[in-house]
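Hello,

Here is the structure we talked about handing over. Please look through it first, and then read the notes below.

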Amino acid sequence: MNTKRIGLIFEGELKRILNDNGLVVLNLGYNEIGDLVVVNGKTRIIECKTTHHDYYYLSKNKIQSERLSELSKHNISVYYSIKFINKNKSVIKFYYMNNNVLKVFKKDEGYTLTDFLNHVKVE
C-alpha cells in the first residue's frame, strides 16, 4: 500500500475518532491545507500525516507547511496529527503550532489523543 493510501485511511480513522469524541470534523478533500475541526464554535485546522519512522519532517511538503504556518501566525489554531507506524504498534500524536514552525515531530513528544481533546475543548 502506498503512502498516500495509508494517509487517507488514517485521515478517515481520525475523523471517526474525533467525531466519536464530540468534535465536528469537516473533510476538505484533497487539498494543501488540512481538515477543519469545530469545537465550541471555534474552527481549527488539523493536518494528518503518517510515517514509519520515529519522527516526521515538515520539509516533506514545504508549501503546505508554509501555508499552515501563515494561518498559525494569524491566530488560527493549527495542529498536525501524525500516526507513527511500526511493525508491532501504531501511535497517534498531536502537535500544536503556536506562531512558529516546528521542523521535526518526534514520536515521544506531542499530545496524546486525550491531551489533544482536553486542549481543544478549553482553548
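Which residue does E47 form a salt bridge with? The partner is K49, and the closest N and O atoms of the two are 3.4 Å apart. Please keep in mind that this is a predicted model. E47 counts as buried because its relative accessibility is 9%, under the 20% cut-off. K49 is buried too, at 12%.

A search of the whole structure finds three salt bridges. Another one joins the side chains of E13 and K83, with an N to O distance of 2.9 Å. These residues are 70 places apart and link distant parts of the chain, with E13 in helix 1 and K83 in strand 5. E13 is partly exposed at 23% relative accessibility, whereas K83 is buried at 15%.

K107 also forms a salt bridge, with D54, and here the closest N and O atoms are 3.2 Å apart. This pair again links distant parts of the chain: K107 lies in the loop between strand 7 and helix 3, D54 in the loop between strand 3 and strand 4. Both count as partly exposed, K107 at 23% relative accessibility and D54 at 46%.

Now the nonpolar residues. The largest nonpolar core has 13 residues, and L14, L18, L23, V37, I46 and F116 have the most contacts inside it. Helix 1, strand 3 and helix 3 each supply at least two residues of this core. Leaving aside residues up to four places away in sequence, L18 touches L23, V25, V37, I46, L113, F116 and L117. A second, separate core has eleven residues, among them L58, I82, Y95 and M97.

Regards

Conventions. Residues numbered from 1 in each chain as written. Predicted model: local features only at pLDDT ≥ 70, side-chain atom pairs only at ≥ 80, totals over all residues. Heavy atoms only, no water. Core = buried A, V, L, I, M, F, W, Y, C linked by side-chain atoms within 4.5 Å. Buried < 20%, exposed > 50% of the residue type's maximum accessible area, 1.4 Å probe, protein only. Helix = DSSP H or I, 4+ residues; strand = E, 2+ residues; numbered from the N terminus. Contact = heavy atoms within 4.5 Å. Salt bridge = Lys/Arg side-chain N within 4 Å of Asp/Glu carboxyl O.
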